[in-house]
Amino acid sequence: MKIPFVDLKSQYLSIKSEIDQEVLKVLESGSFVLGENVTNFEETMSLMLKSHVLTCASGSDALFLSLMVADVRPGDEVITTPFTFFATAGSVSRLGAVPVFADINEETFTIDPNSIQKKITSKTKAIIPVHIFGNPCDMNGIDQITKNTQIKVIEDVCQAVGSRIGEWYLGTFGDFGCFSFFPTKNLGAYGDGGMICIKNSQHYDLIKKLRVHGSGVKYFHEMIGINSRLDSLQAAILNVKFKYLNKWNAKRIEIAHRYTKYFETLIKDQKIKVIKTLPNTTNVYHQYPITCDKRDELMNFLKEKEISAGVYYPLCLHLQKCYENLNYKKGDLPISEKISEKVLSIPIYPEMTDLHIEYVTQSVIEFFSKI
Ligand SMILES: *Cc1c(COP(=O)(O)O)cnc(C)c1O
């Protein structure tokens, strides 16, 4: 049975008539950037998060714009995790600032506040916790470090739209929360898109100008910004898909719980470990990662069974070629490095059927019964 890593085509087919209708309306309107669909989407997200929000062109730009407004300048330091997608640190470097990597927690794969504490210097301007795979970071631990300081907190929520700590959605804990609507994310457009959740209304006013080249009144520029806006087409698609977000996230959570239950014996026998979520939090499982010693063999075995599993992420950011100049070496962030060697994400997407889920589980169990 062929099981892809995500199945965007069957998702589209399940909402095709609504999507097609809204896309056609945009084409006929002749208005393609920002506009009514974007305003509607921002209102929807603002109601959900109970906060100010502004859309932009991508999750990477959401991070970049937040860092700009946090006044991150060349030479400043921004602490983040090396176990994330490159954009988290890349946006820091684009401003001439220095990403400083802290290690992660072995159970949750999220940044460890104790490790952050050790990396704080007089140059630390901001911290970017990443809610990796949808799993909420220890925001309370981070708050203990940053309260009564000038250090800004920029949450990378790109993989965690809908995840919560208590009743509060992620993205609302820090000064900024950065979202991505890249097609494979839990709320995905049919191209690039991003959004920033903004705590402070002055920051909101600033970002509203920065995303249109620093102008409040067209062709009058108060500051130097960038071009980073959401398309009407993407907003129209997101407005349709938003209606299904809760249902889709609930399905992901259900699948994750079923996987964990089916793997009970493998976990007890210490053949594999599964990701842990902090108490009183909700993980929307953008991915379902497991760790084991025979990761590559397992991945190849699943491949033979036509199951697409993926390694997110095979090389930590502090060991990437482009960051050689930062002078990290292997062993500096041992937990992140260990996880990157053992981690494997197995398929999890809302369109999976019972048959798919059982086939994946049985295949994993079969692999371990053979070795
Ligand atoms: C996807 C992603 C981004 C970047 O989002 P884009 O919209 O692709 O620019 C940033 N951080 C993390 C953790 C991501 O998964």
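What you see is a predicted model, with local features needing pLDDT of at least 70, side-chain atom pairs counting only at pLDDT 80 or more, and totals for chains, interfaces and linings using all residues. Residues are numbered from 1 along each chain as its sequence is written, and side-chain values use heavy atoms, leaving out hydrogens and water.

Let's begin with the ligand. There are 14 residues around it, and G59, S60, D156, S180 and K185 come nearest (a residue is near a molecule if one of its heavy atoms lies within 4 Å of it). What classes of residue make up the shell around the ligand? You'll find four nonpolar, eight polar and two charged residues there. For this count, Ala, Val, Leu, Ile, Met, Phe, Trp, Tyr, Cys and Pro are nonpolar, Asp, Glu, Lys and Arg are charged, and the others, Gly among them, are polar. Helix 4 (59-69) and helix 5 (87-94) each give the shell at least two residues; helices here are DSSP runs (H or I, at least four residues) and strands are too (E, at least two), numbered from the N terminus.

Now zoom in on some side chains. In S180, a side-chain N or O atom sits 2.7 Å from an oxygen atom of the ligand. For Q159, a polar side-chain atom is 2.8 Å from a ligand oxygen, and for K185 the distance from a side-chain N or O atom to a ligand oxygen is 2.9 Å. On its own the ligand has 380 Å² of accessible area, and the protein covers 92% of that (areas come from the Shrake-Rupley method with a 1.4 Å probe).

Next, look for an open sheet of three strands, in the order 7-6-13 with antiparallel pairing. Strand 7 (168-169) and strand 13 (281-282) are the edges, each pairing on one side only. Strand 6 (residues 164-165) pairs with strand 7 over two bridges, and two strands pair if DSSP finds at least two bridges between them. Across that pairing, R164 stands opposite Y169 in strand 7.

Finally, the backbone. A cis peptide bond joins Y312 and Y313, with omega about 10°. Y313 belongs to the loop between helix 11 (295-304) and helix 12 (334-342). K50, in the loop between helix 3 (36-49) and strand 1 (52-56), has a positive phi near 50° although this residue is not glycine.

Terms used. A polar contact is a pair of N or O atoms within 3.5 Å; within protein, one must be able to donate a hydrogen and the other to accept it, and residues adjacent in sequence count only if both atoms are side-chain atoms.
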